[in-house]
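User: Could you walk me through this model, one feature at a time? I would like the general idea first, and then the case in hand.

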Amino acid sequence: MTYMFRVDGNPHGKDRPRYTVINGHPSAYSTAATRDYEAKVKAACRKVATSPINSDTPVSVTVEAVFAIPKSYGKRKSQALYGRPYAHKPDADNCIKSVLDGANGVDYEDDAQVTTIRAYKRYILSDEQPHVDVFISPIT
């Protein structure tokens, strides 16, 4: 069983944790933008997941983040459309973290099961909208 789903909208990388002190004890928390994006990933996961992949099964994850071409590219827009990789923020590893944390407990029981990760960042083609495509499958 392979789970494939799409998260529509601009890809969002996981932000650095924020810190505060509550009743004299330090506490870390995620930003609202990160929590919202992970909830969006979780909702997309739930649409396709019948049950989480068993906790003793290793998992492979492929993430393809598709970004809009910046308006500032002007004449360089054609370079972006024809294979130039997206080499800007958010970092690929932060995009992966958002997806893994959002899918945790839905497509697989724990993200410690993930043993293989592939990530791609690219610009949209002319007929696409920004999105993230995710493929999660057990390794047999």
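**Reading the model, from surface to core**

Analyst: Let's start at the surface: Lys 89 is exposed, with 65% relative accessibility. For these labels, buried means under 20% relative accessible area, exposed over 50%, and partly exposed in between (1.4 Å probe, protein chains only). Before going on, note that this is a predicted model, in which local features need pLDDT of at least 70 and side-chain atom pairs count only at pLDDT 80 or more, while totals for chains, interfaces and linings use all residues. Residues are numbered from 1 along each chain as its sequence is written, and side-chain values use heavy atoms, leaving out hydrogens and water.

User: Which residue meets Lys 89 in a salt bridge?

Analyst: A salt bridge here is a side-chain nitrogen of Lys or Arg within 4 Å of a carboxyl oxygen of Asp or Glu. Lys 89 meets Asp 91 in this way, at 4.0 Å from N to O. Asp 91 itself is partly exposed, at 32% relative accessible area.

User: How many salt bridges does the structure hold?

Analyst: There are 6 salt bridges. One of them joins Glu 128 and Arg 122, at 2.9 Å from N to O. Glu 128 is buried at 16% relative accessibility, whereas Arg 122 is partly exposed at 22%. Another joins Lys 14 to Asp 101, with the closest N and O atoms 2.7 Å apart. That pair links distant parts of the chain, 87 residues apart: Lys 14 lies in the loop between strand E1 (3-8) and strand E2 (18-22), and Asp 101 in helix H3 (residues 92-103). Asp 101 is partly exposed, with 27% relative accessible area. Lys 14 and Asp 101 also belong to a salt-bridge network with Glu 38.

User: How many helices and strands make up the secondary structure?

Analyst: Helices (H or I, at least four residues) and strands (E, at least two) are DSSP runs, numbered from the N terminus. The protein has 3 helices and 6 strands, arranged along the sequence as β-β-β-α-β-α-α-β-β.

User: In what sense do E2 and strand E3 pair?

Analyst: Two strands pair if DSSP finds at least two bridges between them. E2 and strand E3 (residues 25-29) pair in the antiparallel sense, over 5 bridges. Across this pairing, Arg 18 stands opposite Tyr 29 in E3. The hairpin has 2 residues between the strands, and Asn 23 takes a positive phi near 55° in it.

User: Where do the buried residues of H1 fall, seen down its axis?

Analyst: The general idea is that an α-helix has 3.6 residues a turn, so residues three or four places apart point the same way. In H1, the buried residues are Thr 34, Tyr 37, Glu 38, Val 41, Ala 44 and Cys 45. They fall within an arc of 115° (taken from the directions from the helix axis to the C-beta atoms), so they line one face of the helix. The face turned away from that buried side carries the exposed residues Asp 36, Arg 46 and Lys 47.

User: What do the buried residues of H1 pack against?

Analyst: They pack against E1, H3 and E6, where contact means heavy atoms within 4.5 Å.

User: Which residues have the most contacts inside the largest nonpolar core?

Analyst: In soluble globular proteins, nonpolar side chains tend to be buried together. A nonpolar core is a set of buried Ala, Val, Leu, Ile, Met, Phe, Trp, Tyr and Cys residues joined through side-chain atoms within 4.5 Å. The largest one here has 28 residues, and those with the most contacts inside it are Phe 5, Val 61, Tyr 108, Val 132 and Ile 136. Two or more residues come from each of E1, helix H1 (32-48), strand E4 (59-67), H3, strand E5 (114-123) and strand E6 (131-138). Beyond residues up to four places away in sequence, Val 132 touches several others, among them Phe 5, Tyr 37, Val 63 and Val 99.

User: Is Asn 94 buried or exposed?

Analyst: Asn 94, found in helix H3, is buried at 18% relative accessible area. Leaving aside neighbours within four places in sequence, Asn 94 is in contact with His 12, Gly 13 and Lys 14.

User: What share of the residues of the protein count as buried?

Analyst: Of the 140 residues, 36% count as buried. Among contacts with a separation of 6 or more, 81% come from residues 24 or more positions apart.
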